[in-house]
Amino acid sequence: MSVTYVVITSLAAFMAGFSGASIFFRAGFVVDPLVEYGVPRAWWNWLGVAKVAGAAGLVAGFFLPVIGVLAAVGLVLYFAGAAITVLRARSFGHVQWPLIYMAPAVASLFLL
């Protein structure tokens, strides 16, 4: 396990965990766009759970690599879905955010 892998995967876990916690705390910079994109409020907690679970899975992957790989794949799929949601809402100026959050998860898959 290289230092680069540990740093990038830790960054991915931090970013996903921070984003998930931001949903739970109803931070305006996260939930206001969800309203704009038309994401039902009933989904918000589940989206937060998915992000936090992905972050926890990445950390667990340091000890059990298969869990880390599955978590990274799950986060990549999650943020790809988020990018599609942003594009469908025609909020083109926001599409970079899910891609930025997806990038370290993708990188961790290639560094493994």
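A cavity is a set of grid points where a 1.4 Å probe fits but cannot get out. In this predicted model, one cavity of 30 Å³ or more is counted. The largest cavity has a volume of about 30 Å³.

Its lining is made up of Tyr5, Thr9, Leu58, Gly68, Val69, Ala72, Ser108, Leu109 and Leu112. Three elements, H1, H4 and helix H5 (96-111), each give two or more residues to this lining. H4 supplies the largest share, with three residues. By class, six of the lining residues are nonpolar and three are polar. None is charged.

The structure holds five aromatic pairs. In one of them, the ring centres of tyrosine 5 and phenylalanine 62 lie 6.1 Å apart. Their planes stand at 90 degrees, over the 60 degrees required, so the pair is edge-to-face. Tyrosine 5 belongs to helix H1 (residues 3-24). Phenylalanine 62 sits in the loop between helix H3 (41-60) and helix H4 (65-88). The pair therefore ties together parts that are 57 residues apart in sequence.

The two partners fall into separate accessibility classes. Tyrosine 5 has a relative accessibility of 5%, under the 20% cut-off, and therefore counts as buried. Phenylalanine 62 has a relative accessible area of 21% and is partly exposed. Elsewhere among the aromatic residues, ring pairs link Phe14, Phe18 and Phe29 into a cluster.

Technical notes: Residues numbered from 1 in each chain as written. Predicted model: local features only at pLDDT ≥ 70, side-chain atom pairs only at ≥ 80, totals over all residues. Heavy atoms only, no water. Phe/Tyr/Trp six-rings, centres within 6.5 Å; stacked < 30°, edge-to-face > 60°. Helix = DSSP H or I, 4+ residues; strand = E, 2+ residues; numbered from the N terminus. Buried < 20%, exposed > 50% of the residue type's maximum accessible area, 1.4 Å probe, protein only. 1 Å grid on protein atoms, 1.4 Å probe; cavity = no way out; pocket = protein on both sides within 12 Å on 5 of 7 lines; lining within 4 Å. Points joined across faces, edges and corners; volume = space filled by probe spheres on them. Nonpolar A, V, L, I, M, F, W, Y, C, P; charged D, E, K, R; others polar.
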